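Visitor: I'd like a quick tour of this one, with the cut-offs spelled out as we go. Where do we start?
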Number of protein chains: 2
Amino acid sequence: MPALNEIAALRSETPGCAHHIHLNNAGASLVPRPVLEAMQNYLTEESLHGGYETFAAHAGAIAGFYDAMAKLLHTNPRNIAFAGSATDAYARALSAIPFEAGDVLLTTDDDYVSNQIAFLSLQNKLKIRVLRAAKLPEGGVDPQSVKELMEKHRPKLVAVTHVPTNSGLVQDVEAVGRLCREREVWYLVDACQSAGQMPLDMAEIGCDFLSGTMRKWLRGPRGAGFLFVSDRVLEAGLEPLLPDMAGAVWVENDRYLPMDDARRFEFWEKPFALLVGSGAAVKYALDLGLGGIERQVTALAEHTRQQLSALAGVLVLDRGSRRCGIVTAFFEGKKPADLKKALDGAGINTGFGATVNALIDFKEKGVDWALRLSPHYYNTHAEIDRAVEVLAKVS
Amino acid sequence: MPALNEIAALRSETPGCAHHIHLNNAGASLVPRPVLEAMQNYLTEESLHGGYETFAAHAGAIAGFYDAMAKLLHTNPRNIAFAGSATDAYARALSAIPFEAGDVLLTTDDDYVSNQIAFLSLQNKLKIRVLRAAKLPEGGVDPQSVKELMEKHRPKLVAVTHVPTNSGLVQDVEAVGRLCREREVWYLVDACQSAGQMPLDMAEIGCDFLSGTMRKWLRGPRGAGFLFVSDRVLEAGLEPLLPDMAGAVWVENDRYLPMDDARRFEFWEKPFALLVGSGAAVKYALDLGLGGIERQVTALAEHTRQQLSALAGVLVLDRGSRRCGIVTAFFEGKKPADLKKALDGAGINTGFGATVNALIDFKEKGVDWALRLSPHYYNTHAEIDRAVEVLAKVS
């Protein structure tokens, strides 16, 4: 397979590159051909031989997903569960925390909208309290604030989104993790926007759960995600609120036994074509190397920020001392629909965020929408320059 | 498209029929070509144009899933949610019931293993009580017992599996539904093994939630399911324990608004290739007609039971006054591994159940395993006779 600097070869292995300038990798990236073929072949096999029979014949490819995910996260296959999405993975983890009325959940202003809604639902229903830590002057959660709130409120759970969906910010999940480990507090990390664009090491982060998706930076299928579950969680006997026959064995009329490993957090039925495609996607990323991917993505994103900043009336919104492949910008006096029309017309795929996607962050930045450009390693400087050229012409 | 009596044409539209005698439709059935093509084409489109961009371009096909499901269940598209599996749909429904310590959940001996595990988990964690209604002499839940237990214990939820996974039994969900409606008790039906093999009418059943899968009798993909949500549920403001940005809008830092319709029970991210394939599968079933499908499936299953009963030492286990396409049998003195080897060798796909899959039912029947043959409308008498012939020769 091509190396990271062999861009032409990487692009020719990505069918979509011939059709679009795809700068929407933080939405869903273009899958490389080996991922597409793994899924289509699996679906064909199922149609010829049956769903259960194909599963039995492909045990190796299915185990390959868990092996590859474990390598990506520097952990063991027994700590990996497949899920239908990052949110699905996140919900299963959250449902396992034994919250009682009055318990505190400590999070950040920049945590993902779906997580914030889930926290507020628990606040309404279980009468927990949701607290949010203060930010650093340069943006991103302030570990000192986390520490003070932990000492004052002794939270049951700390939950941090590694990379917010509408910002180039990378939050310092390792610093928060050290605080959680010192105090033995359950720690849940949302890596939906970081998995696949930078190295992730479960021991360095020190988390108990980490959720992620396949369709974004990992270049896998839609409708697939993963959950890392620490040995601490497994040994403490935490399990999802509603386990099924994959997660437990029904041993007496009124008793079941949970599984020993992270499969405890899975449902029995899975989209195996997507799981096999996910395995292929993770292997593809591992073969390229996550350190190199991060360098390439970060360089393209910085170039994008520079080019956008040079345009009159454009406000690049990304904050934080460490930034990633997500670039967000507000265009004074312009309408997002006009920008979208111009970009679509030029075959350029991008994303737009609105206040409901990042309520606290957008209010603070004083914007109610933002354009999001998210280059991956297979994008080129020329593609970014072309997108900026199109944007510059929108009146 | 072919009609139900044009078996040769239906089989030629089912690629797997050329490779196997597929009597494992209660596991996962063989998909017809239009379903396979819908999924593969969608995945190809995503690879060429991007996941979000393909979604935007296929709004019609995606809405088609909700329209078709609504027709199948005789309800409205606004009452349909997509899910990753029947179990996933079931868990979201169960998580919405506002249980308090001491509340009673009333179910049956024949409810599905994964549901039983979920009930026991709630019994452990929320301190609810799980009660199981008595059975009729001929098998299946006794509505009189349900009525008496409802009057005595006033359950918060009644939960009934329409067709158990390891038995040809069809439970009388309509009779239980009338009792629930008279008393305004929440009513959850698991239709995992009935959707696609018989007509289902939400008003006749009188349920508040009904969950189902795509891969079994509906001949759709693995990793896809659905949830019916009644207007009663929506108007009462019930929502899943952990909604996300598909189910709610984040409107203030500490407040969200749930969606009006059943999307409240969905996650935002979905496997859209499988959703579009699911829509194609449901349309295929609707075009053939569910009444005709049930007659054909039931006739093939009865033929299977007759042929198996004629073999020495074979105990057909299916009970109930109404039976469906699932045929289960115990072979005295035989080992399941030997039966499986002989069937596999002859290219015949079947399933096997063990005690952990149907703890109460199998204990009562005095067996610790059962062979499951589940013909669909595209199977033939000759295929069944061939399977019985192979089974008769196993020593």
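Guide: Let's begin where the chains meet. This is a predicted model, in which local features need pLDDT of at least 70 and side-chain atom pairs count only at pLDDT 80 or more, while totals for chains, interfaces and linings use all residues. Residues are numbered from 1 along each chain as its sequence is written, chains are lettered from A and ligands numbered from 1 in the order written, and side-chain values use heavy atoms, with hydrogens and water left out.

Visitor: How many salt bridges are there between chain A and chain B?
Guide: The rule wants a side-chain nitrogen of Lys or Arg within 4 Å of a carboxyl oxygen of Asp or Glu. One that joins the chains pairs B:Glu239 with A:Lys125, at 2.7 Å, N to O. The count between chain A and chain B is eight.

Visitor: Which element gives the most to the side of chain A that touches chain B?
Guide: Helices here are DSSP runs of H or I with at least four residues, strands are E runs of at least two, and both are numbered from the N terminus. Several elements of chain A supply at least two residues each, including α2 (33-49), α6 (113-126), β9 (248-252) and α11 (272-288). The top contributor, with 11 residues, is α6(A).

Visitor: How much area do chain A and chain B bury between them?
Guide: Contact (heavy atoms within 4.5 Å) links 78 residues of chain A with 78 residues of chain B. Buried area is the accessible area, with a 1.4 Å probe, that two parts lose on being put together, summed over both. Carbon and sulfur atoms hold 63% of it, and the total is about 6,700 Å².

Visitor: Is A:Thr161 buried or exposed?
Guide: A:Thr161 sits in strand β5 (residues 157-161) of chain A, and its side chain reaches the backbone nitrogen of A:Tyr112 at 3.2 Å. With a 1.4 Å probe and protein chains only, under 20% relative accessible area is buried, over 50% is exposed, and in between is partly exposed. A:Thr161 has 2% relative accessibility, so it counts as buried.

Visitor: And what does B:Arg129 count as?
Guide: B:Arg129 belongs to strand β4 (residues 129-133) of chain B. Beyond its neighbours within four places in sequence, B:Arg129 has contacts that include B:Asp103, B:Gln123 and B:His153. Its relative accessibility is 41%, so B:Arg129 counts as partly exposed.

How values were computed. Polar contact = N/O pair within 3.5 Å; in protein donor to acceptor, adjacent residues only side chain to side chain.
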